[in-house]
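Thanks for coming. I have one model to go through, so please have the viewer open.

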2 protein chains.
Amino acid sequence: MSLAKITPLSGFPEWLPAQRVIETHCVDVIRATFELHGFVGLETRAVEPIDRLTNKGADTDKEIYAVSRLAESRETGPRGGQAESQLGLHFDLTVPFARYVLENAGRLTFPFRRYQIQKVWRGERPQEGRFREFLQADIDVVDVGALPNHYEAELPLVVADALRALPIGPFRIQVNNRKIPEGFYLGIGLADVAGTLRIVDKLDKIGPAAVHELLVLAGASTAQADAALTLAEINATDASFAERVRALGVTHPVLEAGLAELTAVIDTAGEHAPGLLVADLKIARGLDYYTGTVYETQLIGHEGYGSICSGGRYDALASDGKTTYPGVGISIGVSRLLAKVMPGLTVTRATPTVVVVALGSEQDRPRAMRIAAALRRRGIATEVAPAAAKFGKQIRFADRRGIPYVWFPASADPEIHTGQSATVSDQVKDIRSGEQVDADPDTWLPPTQDLRPTLIS
Amino acid sequence: MSLAKITPLSGFPEWLPAQRVIETHCVDVIRATFELHGFVGLETRAVEPIDRLTNKGADTDKEIYAVSRLAESRETGPRGGQAESQLGLHFDLTVPFARYVLENAGRLTFPFRRYQIQKVWRGERPQEGRFREFLQADIDVVDVGALPNHYEAELPLVVADALRALPIGPFRIQVNNRKIPEGFYLGIGLADVAGTLRIVDKLDKIGPAAVHELLVLAGASTAQADAALTLAEINATDASFAERVRALGVTHPVLEAGLAELTAVIDTAGEHAPGLLVADLKIARGLDYYTGTVYETQLIGHEGYGSICSGGRYDALASDGKTTYPGVGISIGVSRLLAKVMPGLTVTRATPTVVVVALGSEQDRPRAMRIAAALRRRGIATEVAPAAAKFGKQIRFADRRGIPYVWFPASADPEIHTGQSATVSDQVKDIRSGEQVDADPDTWLPPTQDLRPTLIS
């Protein structure tokens with residue numbers, strides 16, 4: 001590593017210790033919430049065969065990172081020429097999970113609830129809130145053959161429980177059902193449902209006038225473009241959205257199915273978390289595998305930042321040709337969320353250490369190590385000073401790191417602690433208050449809030 | 001995903017839910033131990049510039065996975081042609097950490113203690129205990145300019161604390177100091193230290209006769225090969241190894257430095273964990289960046305399985321040309337360790353769920369969800385039954401998953417619970433004992449050992 005210049009890689013964020021304390025806290029909260037709701041934690045490998053990744057949506061293939069063995073082309077014989085050259089890094093956790101379900105279906109119990117918190121990779125142009133490597137936290141429920149609709153109401157309630165426990169301020173989960181625009185477009189004679197959805201999806205970015213223009217360019221009549229925009233602009237926190245859609249006078253069986261499903265989701269959510277979910281008929285999601293309910297989540301006050309938690313129902317993603325495993329899932333964009341809220345957060349310290357055991361001379365190290373071991377046995381994170389040093393230097397060592405306590409072992413011979421406050425019993429000093437008291441490593445306990453770093457928002 | 005055949009990828013292990021409970025337990029124990037010892041948790045990105053990876057050792061370049069954007073060659077303009085084509089997946093956590101230290105030196109406090117638990121990738125031929133994607137758990141201490149030797153004794157004591165808390169049986173940490181063979185070889189006139197080390201490193205695999213033959217083939221005299229083998233066969237749990245080396249009559253200042261450093265490590269370890277560390281003079285480690293103390297770890301009774309925890313001191317890995325950050329680190333091979341011990345372990349259940357709330361009819365779902373929310377508020381992982389079903393089916397649902405409790409909401413109208421045991425207050429059944437009692441979701445608590453899945457070894 002010597003001599004070469006080190007520059008950060010754009011789009012591959014790395015946290016400093018204090019930021020990592022915040023990230024770890026958030027991931028722990030998310031994991032604990034998912035487990036409280038009975039989701040099983042899984043991890044899948046980072047790579048998938050590229051053909052499995054590329055047939056999951058028109059927009060995804062240009063984002064994929066291919067993986068190949070560096071030495072592969074140079075090699076012959078049994079180690080060369082294997083299929084690894086066809087591998088890519090996963091761009092989400094849903095496609096790998098669907099593959100995992102197919103691979104292990106005989107060893108899982110259904111309906112299967114799983115959570116998965118892992119890095120994913122997308123070769124997109126890095127920009128605010130968009131990274132090339134980022135952490136996602138997903139929950140999904142899959143079942144065999146048919147999946148009850150009530151899971152579509154349950155999943156946003158679970159992530160809402162997690163998000164409410166994070167230091168991120170107020171948020172709004174937006175829900176739509178793809179069957180609504182699909183049935184509506186078919187009802188007004190727009191046959192290119194996917195193309196129309198893709199244009200309407202740009203509404204927040206480019207505005208209604210530009211969307212209207214694109215729709216007409218794509219072959220819609222002015223009246224059809226007007227109708228598609230009117231539908232997209234409907235939103236409500238209760239089932240009234242359905243009446244507003246029906247008032248537009250378009251009828252189609254797919255539209256009716258979508259309205260019924262979305263009404264059920266909004267009604268259930270309204271009972272358990274009033275106002276949390278908003279039916280928002282412009283939500284579409286970029287990934288092609290969604291077939292019904294779709295979710296996005298805005299931070300209130302930062303609507304332009306993009307969704308920090310998204311997902312939807314997918315009926316056909318996991319199928320082996322004989323059996324289909326329909327699922328619904330939702331994913332918290334942990335890195336994107338943290339990039340937004342971290343600048344407003346600090347932590348009490350950037351290390352787990354509660355106590356530094358001071359060292360008067362290097363000969364005291366064995367005794368200092370025994371004191372540290374006694375404190376650790378009772379759950380108190382402790383390190384021994386890196387070197388023998390004077391009183392003031394030991395305090396500064398702790399102070400620079402935000403470590404709240406310095407432990408001074410008893411001096412059998414005060415003479416060897418030149419320049420230090422020699423004591424006849426162990427003492428511990430709270431360096432914030434300056435208070436110093438006699439203490440026994442087998443019984444002393446700091447206040448609970450000092451045991452680990454905590455967030456200050 | 002439909003129709004395509006699903007086959008596992010050799011070398012990329014994925015756990016089933018019960019196995020993942022074991023892995024999560026072990027990682028939690030390791031993390032808690034590292035934090036008790038004052039190590040700061042970090043993560044680094046998965047990719048590094050390939051030139052940083054390839055100049056870290058002769059054996060590593062053929063193991064590297066290169067990463068490139070799939071669409072890169074097809075693109076022109078500002079998104080194409082960037083440096084990403086020169087990226088590779090990291091093969092360990094030490095090289096990325098050294099780069100992180102150089103990149104962030106001004107924002108870290110030294111000596112810097114960090115732990116890092118992440119996947120790494122090596123394109124090796126998969127075999128027992130060797131994967132292409134695997135989890136490592138590392139601790140390192142780095143300092144500026146000089147690093148005190150006492151950290152070389154401390155680090156194996158930290159991982160020993162972690163390993164002793166894992167269900168892995170007895171183990172043995174073997175320590176050597178590269179200066180010992182280096183000084184010894186120079187002292188007997190063998191100038192190709194690296195080449196000699198590489199041959200002696202095969203001792204456990206191919207035996208002393210074959211090593212002797214290879215050494216002679218490489219240019220050593222019979223007497224030199226004999227001496228190198230005699231040195232390699234020395235091991236001891238106390239400082240007596242040094243006397244046995246000195247008795248061989250070879251003198252060299254590098255040898256003396258190595259003996260002194262290893263004696264200090266063994267003496268310190270002997271005081272805090274007698275018998276845990278073994279001075280074993282054949283240990284060399286494959287990676288080129290180690291410059292002094294090196295570690296390996298054997299599971300006792302499975303010595304041929306290879307090291308499950310390795311590391312060493314590196315003096316020159318992190319340097320920007322002006323400042324050097326010497327370090328010492330040790331890495332638990334979590335995946336390798338688990339692959340060995342998992343077959344002997346089971347868990348009480350493969351889901352976090354403690355309680356399933358039974359559902360007499362779909363209209364009861366809102367009430368069941370409120371009961372579940374009340375239980376979760378007090379830390380009891382709960383899910384609501386996937387569908388309304390009869391008594392027996394709800395019990396079987398829980399039983400198949402090892403979920404210990406089924407909650408029966410009170411029936412306002414027993415008539416709607418056809419075929420079920422209608423009750424006037426909520427009841428909870430321990431399906432293991434069959435005991436069923438009245439219960440209030442705001443006060444009921446299961447025994448602590450039921451709150452999460454636990455290991456049975």
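Predicted model: local features only at pLDDT ≥ 70, side-chain atom pairs only at ≥ 80, totals over all residues.

Residues are numbered from 1 along each chain as its sequence is written, chains are lettered from A and ligands numbered from 1 in the order in which they are written, and side-chain values use heavy atoms, with hydrogens and water left out.

Start with α7 of chain A, residues 203–217. Helices here are DSSP runs of H or I of at least four residues and strands are runs of E of at least two, numbered from the N terminus. What does α7(A) span between its end C-alpha atoms? The span is only 16 Å, whereas a straight helix of 15 residues would span 21 Å at 1.5 Å a residue; the expected figure is 1.5 Å times one less than the number of residues. α7(A) also has a kink of about 75°, centred on A209(A), where the bend is the angle between axes fitted to the seven residues ending at a position and the seven starting there.

Buried means under 20% relative accessible area, exposed over 50%, and partly exposed in between, with a 1.4 Å probe and protein chains only. After the helix comes G219(A), with a positive phi near 115°.

Now α5(A), residues 179–187, whose buried residues are I180(A), P181(A), G183(A), F184(A) and Y185(A). Their cover includes β7 (171–177), α6, α8, α9 (240–246) and α10 (253–272) of chain A. Just after α5(A), G189(A) has a positive phi of about 90°.

Next, cavities. A cavity is a set of points, on a 1 Å grid over the protein atoms alone, where a 1.4 Å probe fits but cannot get out, and lining residues have an atom within 4 Å of a point. Grid points are joined across faces, edges and corners, and a volume is the space filled by probe spheres set on the points.

How many cavities of 30 Å³ or more are there? The count is 6. Two or more lining residues come from each of α1 (17–36), β5 (112–121) and β6 (133–142) in chain A, and from α1 (17–36), β5 (112–121) and β6 (133–142) in chain B. By class, this lining has 14 nonpolar, 9 polar and 14 charged residues. Ala, Val, Leu, Ile, Met, Phe, Trp, Tyr, Cys and Pro count as nonpolar, Asp, Glu, Lys and Arg as charged, and the others, Gly among them, as polar.

The second largest cavity holds about 130 Å³. It is lined by 14 residues, with P13(A), E14(A), W15(A), E23(A) and K119(A) closest to its centre. β6(A) gives the most to this lining, with 3 residues.

Last, the loops. The peptide bond from F110(A) to P111(A) is cis, with omega near -5°, and P111(A) sits in the loop between α3 (94–104) and β5 of chain A. In chain B, F110(B) and P111(B) are also joined by a cis peptide bond, omega about -5°.

Conventions: 1 Å grid on protein atoms, 1.4 Å probe; cavity = no way out; pocket = protein on both sides within 12 Å on 5 of 7 lines; lining within 4 Å. Contact = heavy atoms within 4.5 Å.
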